[in-house]
Number of protein chains: 2
Amino acid sequence: MSTLTYNIAAVERDTGLSKDVLRMWERRYGFPTPERDGNGDRAYSADQVERLRLIKRLMDMGHRPGKLIATPYEELAALAPRRMAAGPAVPEEHTPELDELIDLVRRHEGGAYLQAMQQRLARQGLQRFVQDTVAPLAQRIGEGWEQGRVEVFEEHLFTELTKRLLRQSIATLPAGVRRPRILLTTLPGEQHLLGLLMAETLFALEGAECIPLGTQTPLLEIGRAAVAHRADVVALSFSAAFPLRQIPALLLQLRMGLDASIELWAGGTGVARIGETEGVVLMPTLDDALAALAAWRATDA
Amino acid sequence: MSTLTYNIAAVERDTGLSKDVLRMWERRYGFPTPERDGNGDRAYSADQVERLRLIKRLMDMGHRPGKLIATPYEELAALAPRRMAAGPAVPEEHTPELDELIDLVRRHEGGAYLQAMQQRLARQGLQRFVQDTVAPLAQRIGEGWEQGRVEVFEEHLFTELTKRLLRQSIATLPAGVRRPRILLTTLPGEQHLLGLLMAETLFALEGAECIPLGTQTPLLEIGRAAVAHRADVVALSFSAAFPLRQIPALLLQLRMGLDASIELWAGGTGVARIGETEGVVLMPTLDDALAALAAWRATDA
DNA sequence: CCTGTCAAAATGTCCTAGACAAACTGCACG
DNA sequence: CGTGCAGTTTGTCTAGGACATTTTGACAGG
């Protein structure tokens with residue numbers, strides 16, 4: 001009954017794998033193996049799209065496509081444990097509490113989740129909440145996804161609700177003329193905002209003035225915005241899904257377009273695996289971000 | 001001095017025009033005319049990318065590419081006035097006030113903008129605030145962009161700040177067991193959330209239970225989520241930038257995957273130009289959305 | 001046993017060029 | 001003044017080839 005097939009453009013949108021890659025894999029590895037419709041166009045089955053999505057995710061974690069495609073389908077649980085440099089381990093004693101929060105999401109109790117999080121926020125204070133609750137939670141949800149324990153839509157709900165929490169918290173912080181002025185955004189192609197929002201929260205707590213541009217600001221616009229807002233710092237965030245190879249070049253290009261007095265910070269899991277880049281401060285973890293802020297204060301303030 | 005050139009992938013990311021389209025235009029229209037780098041790869045200048053971005057935006061408004069490409073560069077202001085079915089005209093008497101708000105954004109005074117908006121919210125009440133302030137403001141900003149009066153990054157700031165306002169407002173609304181249960185999200189490829197957020201605000205105000213999944217939920221996942229959350233309605237939003245031709249097919253595909261008892265609503269400027277679709281309620285404007293909610297109550301409640 | 005080097009293999013991205021379906025336009029006819 | 005058909009415009013797909021870049025694996029030297 002499944003008339004549900006995807007054309008190649010739909011697969012690209014859904015998986016994040018480019019048309020070129022999809023065709024190349026088919027040519028080289030013999031997978032995927034789409035049917036053809038009346039026009040000779042590829043028609044992918046929902047199954048294969050599902051599998052492709054999984055493969056993409058595992059690739060973002062550092063696995064090689066050749067191996068993944070060869071592996072049957074027990075990759076699921078088997079390949080998860082290839083840890084990222086995801087920061088200084090979750091305090092293990094908190095694990096059960098975090099699991100409870102995740103369970104709320106998995107039972108689809110959005111209201112209860114928000115309530116529990118708000119309580120936790122009140123108890124821990126904003127800084128520890130971000131570092132000891134939100135960050136590890138986000139990581140767990142990601143892991144859960146890879147192992148098939150968490151559905152995509154559950155992750156979406158989690159992300160959306162958590163973003164709301166953080167933005168609310170930020171809104172309650174005192175305003176005023178504060179330093180440094182940090183412009184926060186992501187480059188075109190990077191749509192994950194949660195990490196940047198965590199950083200913003202911490203920065204705002206530390207008394208920085210944050211200018212949030214949301215996601216996907218074109219390179220040139222970032223430069224203009226930095227000038228218009230008299231920013232001291234431009235802070236970008238890269239998720240693991242961002243094409244790794246492009247990051248250094250993009251950072252350099254942006255660096256060239258920025259006044260030398262403006263610092264360029266790059267954070268997120270995506271920068272954990274790239275090398276040092278001239279004129280750019282890399283901060284794979286939130287702690288690194290706080291350290292960078294402290295360093296700025298020490299020199300520029 | 002501009003070592004700044006874009007390869008074709010970067011242009012695709014920055015403009016939203018696919019590689020195929022970019023090559024096709026070059027072949028057919030003789031524009032754009034990228035240089036070639038050492039490898040024979042296209043290298044686009046920042047100028048041309050800028051122009052391409054503008055063309056894309058005007059196309060989203062209903063213009064044809066052939067004409068746009070032929071037109072020199074005074075398209076800017078000249079082509080803006082091709083109104084979308086963007087809803088029942090802004091009450092003209094409010095125009096100057098809205099302009100003041102936009103000016104705040106254009107002067108990069110985020111704090112002042114938030115404050116002014118919050119005041120307005122208190123004065124108008126949430127419903128009128130959404131319909132008479134946020135919606136027309138969003139439309140104005142869009143127009144301003146096309147005419148070169150508003151920078152991209154200014155639009156980004158506007159969008160981000162306004163989203164925060166709406167989410168905050170939603171958070172203050174009373175919770176509880178409410179009907180209908182509306183699952184809100186966008187399809188993969190659609191990243192604009194502001195419209196959906198406006199709808200969510202209105203729905204929540206009317207006592208609906210909203211389940212926000214954020215943007216870009218894969219088709220199959222929407223089905224799963226609807227079941228898991230026992231949704232009565234799945235509401236999607238399409239911006240003008242969403243590939244028009246794909247919308248009807250996507251809606252039908254989703255419709256097939258949903259239990260018949262679940263209504264499927266599609267809103268946003270993107271659906272203003274598509275024809276009726278079996279089993280889907282189209283709502284180009286916010287008023288249509290409220291009407292749909294009332295209709296649901298009349299029949300299903 | 002560690003480390004550096006270099007070739008081979010793996011992988012992604014770009015290129016050209018052609019075919020065709022779908023959407024839109026405009027004209028002719030009723 | 002509407003309606004329908006034919007022509008034009010536009011986007012997307014297909015195919016295979018070339019090549020830059022990264023990773024792997026083997027081997028030599030310390």
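A residue is called near a molecule or strand when its C-beta atom, placed from the backbone, lies within 6 Å of that molecule or strand. The model on your screen is predicted, and local features need pLDDT of at least 70, side-chain atom pairs count only at pLDDT 80 or more, while totals for chains, interfaces and linings use all residues. Residues are numbered from 1 along each chain as its sequence is written, and chains are lettered from A and ligands numbered from 1 in the order in which they are written.

**First stop: DNA strand D**

Select DNA strand D and the 17 residues around it, of which Ala9(A), Asp41(A), Arg42(A), Arg64(B) and Gly66(B) come nearest. Next, colour helix H1 (8-15) of chain A, and then helix H2 (19-29) and helix H4 (65-70) of chain B, since each of these helices supplies at least two residues of this surface; helices (H or I, at least four residues) and strands (E, at least two) are DSSP runs, numbered from the N terminus. The helix that gives the most is H2(B), with three residues. Coloured by class, the surface near DNA strand D shows six nonpolar, five polar and six charged residues, where Ala, Val, Leu, Ile, Met, Phe, Trp, Tyr, Cys and Pro count as nonpolar, Asp, Glu, Lys and Arg as charged, and the others, Gly among them, as polar.

**Second stop: where the chains meet**

Now show chains A and B together: 36 residues of chain B are in contact with 35 residues of chain A, contact meaning that the C-beta atoms of two residues, placed from the backbone, lie within 7 Å. On the side of chain B that touches chain A, select H9(B), which gives the most, with 10 residues. The residues of that side divide into 15 nonpolar, 13 polar and eight charged.

How are the two chains related? A rotation of 180° with 0.0 Å of shift along its axis superposes chain B on chain A, with an RMSD of 0.1 Å, when copies are superposed by least squares on the C-alpha atoms of residues with pLDDT of at least 70 in both. This is the relation of a two-fold axis. To find the axis from chain B, select Gln168(B), whose C-alpha is the nearest to the axis in that chain, 3.0 Å from it.

**Last stop: Val134(B)**

Finally, select Val134(B), which has its place in helix H8 (residues 126-146) of chain B. Is Val134(B) buried or exposed? Val134(B) is buried because 26 other C-beta atoms lie within 10 Å, and a residue counts as buried with 20 or more such atoms within 10 Å of its own C-beta, as exposed with 12 or fewer, and as partly exposed in between, with C-beta atoms placed from the backbone. Leaving aside residues up to four places away in sequence, Val134(B) touches Phe129(B), Thr162(B) and Met198(B).
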